[in-house]
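Please look over the sequence and the structure shown here.

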Amino acid sequence: MAKRGKKFQEAAKQVDSLKAYAPKEALELVKKIDFAKFDATVEVVYKLNVDTKQADQQLRGAVVLPNGTGKEQTVVVFAKGAKADAAKAAGADVVGDDDLVQRIQDGWLDFDVAIATPDMMGQVGRLGRILGPKNLMPNPKTGTVTMDVEKAVADSKSGKVTYRTDRDGNVHMPIGKVSFEADQLLGNLQTINDTIVRLRPASVKGAYIQNVSVASTFGPGVKVDFTQF
């Protein structure tokens, strides 16, 4: 394992690795020990007792955080006619159809969220090899393939984040910035926790949530006592 820097080691000394902190206490500690020279992102990681080889135990979707993410999202929409006009009115940064597909095929990827109406997915599907690896491919499970482009754009602009279990059963999600008040981060974390709990697969036996930790971009992880939610 790579040797950690002095700043990380100093931050880690302030964390009791054997303790699971109350949610707000954990977030206050993450803010306190952050040492980045920029407004770092705070992320939560859930370790779940799921077998991702089983289709019904794969979690994937999106949730709108009540206090936003602290990041301005650039949103593109693949749509035609009235739906294209609606997307523009809702605040989408770039709206197009075949021209937008071609632009991306030519190498443009300066956006954070891609939304498409169902009738555009035939053309958008050609971008799978480009958008898929970057987790930008529109998908009905995350609400980014929809006829309600107004809501999709508004949600993306106001703090919508996507989640997906990795092959080890972990879910990583941003919950805001270090500059947020602890209560703002807590509100976002509570919303995520409610979502994770609600999505428990019926086939999971035993303890579902095994571990929860929060950390800033470069900071050490802080365990969260998720039983206190």
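The radius of gyration is taken over C-alpha atoms, and the globule rule is 2.2 Å times the number of residues to the power 0.38. For the 229 residues here, a compact globule would have a radius of gyration near 17 Å; the protein chain has 19 Å, which agrees. Its C-alpha trace spans about 55 × 45 × 35 Å along the principal axes.

This is a predicted model, in which local features need pLDDT of at least 70 and side-chain atom pairs count only at pLDDT 80 or more, while totals for chains, interfaces and linings use all residues. Residues are numbered from 1 along each chain as its sequence is written, and side-chain values use heavy atoms, with hydrogens and water left out.

The protein chain has eight helices and nine strands. These are DSSP runs numbered from the N terminus: helices are H or I with at least four residues, strands E with at least two. Two strands pair if DSSP finds at least two bridges between them.

Strand β8 (residues 209–216) is joined to β9 by two bridges, and Val214 has Val222 in β9 as its bridge partner.

Three strands form another open sheet, parallel and in the order β4-β3-β5. The twist averages 15° from one strand to the next. Strand β3 (residues 75–78) pairs with β5 over four bridges, and Val75 stands opposite Val113 in β5. Helix α4 (residues 98–105) packs on this sheet and touches β3 and β4.

What is the volume of the largest pocket? It is about 620 Å³. A pocket is an open set of points on a 1 Å grid over the protein atoms alone, where a 1.4 Å probe fits, with protein on both sides within 12 Å along at least five of seven lines; lining residues have an atom within 4 Å of a point. The volume is the space filled by probe spheres set on the points, which are joined across faces, edges and corners. The lining has 24 residues, with Gln73, Asp112, Asn135, Val161 and Thr162 nearest the centre of the pocket. Strand β6 gives the most to this lining, with five residues.

Methods. Axes fitted to C-alpha atoms, helices over the stretch in contact; angles between N-to-C directions. Contact = heavy atoms within 4.5 Å.
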